[in-house]
Amino acid sequence: NIKLCCLDASIAFKPVTEKYKSIIITSGTLSPTHMYKKILKFENVISHSFEMKLSRTCIKPLILSKGTDQGAIDFRHDKRNDMDMIRNCGQLLVQVSAVVPDGIVCFFPSYTVMENFIQKWNDMGLLKRVYDNKLIFIEVTDAIESMIALENYRKACDIGRGAVLLSVARGKVSEGIDFEHHYGRAVIMYGIPYVNVTSNVTKARVNFLNSEYQIRDIEFLTFDAMRTAAQCVGRVMRGKTDYGVMIFADKRFSKKDKKDKLPSWIAKNFDSNSGLNVSTDTAIGIITQFLREMAQPTSLDDELGKSLWTIEHVIKQPTSLN
């Protein structure tokens, strides 16, 4: 079989740069921006990162590195079949589903990993415990069946039963579906979603980037994985009145080369005293306190000048970013 694949992303973007003098690209997950400058061959680039202006901290990101038994949460290939680790990941979902209202979305690195965990959790009786708290829906490779599962997931959230959606990074749910408000009060990213490094397409792409732009393979693969992780967890934060919990369930997320590649609006909300390298029990305590704070009423006066601007606020803003 012959498979044709474009390895140079700048080719696809070239018609845009040739037609327009000025181009503005905006996204909540364009991080780190220097990588895009290289692979898209941008010139004369002005880059700026805008902070999220809110009257209160509406997201709670956590890096979970230990389970309830203090065993490591580690999704490396030689660790992801460890029964203790699988059990700890299941117990995390059980406890989160008991304290987080409405919808919870979970992402796995691949369908193979997700199916293995679901089978093991079922054998351990953990899915039954999750079901006692919320209904469970699963994304599958069939697009129609997945849309039916998503529709029923939303219905379960609407009627107050609550639901858990088990899905896959780089799947339809992770890239095209928003889980605003009660449809996503928490998201769990199980493992770092690296692309399949054994794929011939991946091998050809990293070889091309290395020879053309001197981008090392591990640099690109980590950039790509963290961008995907950010897209997954960002599904639950879709507006200034929204709030949610983001759980990065893998101890490797705490490493500098991983954490620094997350968008600033996520990274700056890590609590250095309590949000990094936490255990399941500690995470549940933090989540419970966060949700209690989010349940408190707010007023428009709190929002004025921050997430809510009048015309006077707009006029006062500087006219350039110099």
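The model is predicted: local features need pLDDT of at least 70, side-chain atom pairs count only at pLDDT 80 or more, and totals for chains, interfaces and linings use all residues. Residues are numbered from 1 along each chain as its sequence is written, and side-chain values use heavy atoms, with hydrogens and water left out. Helices (H or I, at least four residues) and strands (E, at least two) are DSSP runs numbered from the N terminus.

**Sheet**
- An open sheet of 7 strands has the order β3-β4-β2-β5-β6-β1-β7, with parallel pairing; two strands pair if DSSP finds at least two bridges between them.
- The edge strands, each pairing on one side only, are β3 (135–138) and β7 (278–279).
- Strands β2 (residues 103–108) and β5 (residues 186–190) run parallel and are joined by 4 bridges.
- I104 stands opposite A186 in β5.
- Helix α3 packs on the sheet, touching β1 (59–66), β2, β4 (163–168), β5 and β6 (244–249), and its direction makes about 175° with that of β5.
- Contact means heavy atoms within 4.5 Å, and axes are lines fitted to C-alpha atoms, for helices over the stretch in contact, with angles from 0 to 180 degrees between N-to-C directions.

**Helix α3 with α4**
- The axes of α3 (residues 83–99) and α4 (residues 111–124) come within 10 Å and cross at roughly 80°.
- In α3, M83, M85, I86, R87, C89, G90 and L93 meet N116, F117, K120, W121 and M124 of α4.

**Helix α3 with α5**
- The axes of α3 and α5 (residues 126–133) come within 8 Å and cross at roughly 10°, which makes the two helices roughly parallel.
- R87, G90, Q91, L93, V94, S97 and A98 in α3 meet L126, R129, V130 and N133 in α5.

**Pocket**
- The second largest pocket has a volume of about 500 Å³.
- Its lining comprises 21 residues, of which H77, R80, I192, Y194 and V195 lie nearest the centre of the pocket.
- A pocket is an open set of points on a 1 Å grid over the protein atoms alone, where a 1.4 Å probe fits, with protein on both sides within 12 Å along at least five of seven lines; lining residues have an atom within 4 Å of a point.

Notes. Points joined across faces, edges and corners; volume = space filled by probe spheres on them. Parallel < 35°, antiparallel > 145°, perpendicular 65-115°, else oblique.
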